[in-house]
Amino acid sequence: ARKKFLKSNSTELLHIIDIITKEALSHWEVGFGLRADNKETLSLPFSSGPRERILQIYGEEFLRGLLEVNAETEGIRMKTYVTKGDNFRNMKSHQFIFINNRPIKDPALSHAVYNAYEGIIPRDRHPIFFLFLTIDPAKVDVNVHPTKREVRFEDKESIYRFVNTA
């Protein structure tokens, strides 16, 4: 029944690579590998942290265009890699948010990052960001959607302000 909804092999492979990339970014202490058509497509040995994992996936030049920002407040810890200087993109690719090592999508947190670039970012350009947040699990509900990619925060406003300010 699912076969009729599958796209081409190359499209499905891109979806798989995307999922593995997100998991590899959020679980840098684990090695990941992918073989497709008897060829090694992705080989990521375990790494010491998110900085090294970003380097493994995207390369040194990409990493040089990012600024590392670490911040902490009561109940929230953040490690972030964001666009430095004028390293903006035409598309919203390379924008990742992780809550307690879980890749998520959250338009409000994305907006907090964009808002922090207000007056700096050119029109129709987009920042790169890797946002790693550690939050008390009791203050975030991951059971909002079956895919677990959407979350609900106990105090969304304070998390938004924290991300935006940092």
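In this predicted model, the largest nonpolar core holds 25 residues, and those that touch the most other members are I99, L109, L131, L133, F153, I159 and V163. Two or more residues of this core come from each of the elements β3, β4, β5, α4, β7 (129-135) and α5. L109 gives a view of how such residues meet: once its neighbours within four places in sequence are left aside, L109 is in contact with I97, I99, L131, L133, F153, I159, Y160 and V163. Apart from this core lies another one, made of 11 residues, including I54, Y81, F98 and F130.

From the cores we can turn to the open spaces. Rolling a probe the size of a water molecule over the atoms shows where empty space is left. The largest pocket has a volume of about 460 Å³, and its lining consists of 18 residues, with K22, Q95, F96, I104 and K105 lying nearest its centre. The elements that contribute two or more residues to this lining are α1 (9-26), β5 (95-99), β6 (102-104) and α4 (107-116); among them, β5 supplies the largest share, with 4 residues. Sorted by class, the lining of the largest pocket comprises 8 nonpolar, 4 polar and 6 charged residues.

The second largest pocket has a volume of about 220 Å³ and is lined by 15 residues, of which V82, A116, Y117, V163 and A166 lie nearest its centre. Here the elements giving two or more residues to the lining are β3, β4, α4 and α5, and β4 gives the most, with 4 residues. How does the lining of the second largest pocket divide by class? The lining has 12 nonpolar and 3 polar residues, and no charged residues.

The remaining topic is the pairing of charged side chains. Side chains of opposite charge can pair when their charged atoms come close.

Because R64 and E60 are 4 residues apart in helix α3 (residues 60-64), they are separated by about one helical turn. Both R64 and E60 are exposed.

Another salt bridge links K79 with E68, whose closest N and O atoms are 3.1 Å apart. K79 lies in strand β4 (residues 76-83) and E68 in strand β3 (residues 66-73), so this pair ties together parts that are 11 residues apart in sequence. K79 is partly exposed, with a relative accessible area of 29%, and E68 likewise counts as partly exposed, at 31% relative accessibility.

A further salt bridge is formed by E157 and R161, with the closest N and O atoms 3.7 Å apart. What separates these two residues along their helix? E157 and R161 are 4 residues apart in helix α5 (residues 156-165), and therefore about one helical turn lies between them. E157 is partly exposed, with a relative accessible area of 48%, while R161 is also partly exposed, with a relative accessible area of 45%.

Technical notes. Residues numbered from 1 in each chain as written. Predicted model: local features only at pLDDT ≥ 70, side-chain atom pairs only at ≥ 80, totals over all residues. Heavy atoms only, no water. Buried < 20%, exposed > 50% of the residue type's maximum accessible area, 1.4 Å probe, protein only. Salt bridge = Lys/Arg side-chain N within 4 Å of Asp/Glu carboxyl O. 1 Å grid on protein atoms, 1.4 Å probe; cavity = no way out; pocket = protein on both sides within 12 Å on 5 of 7 lines; lining within 4 Å. Points joined across faces, edges and corners; volume = space filled by probe spheres on them. Nonpolar A, V, L, I, M, F, W, Y, C, P; charged D, E, K, R; others polar. Core = buried A, V, L, I, M, F, W, Y, C linked by side-chain atoms within 4.5 Å. Contact = heavy atoms within 4.5 Å.
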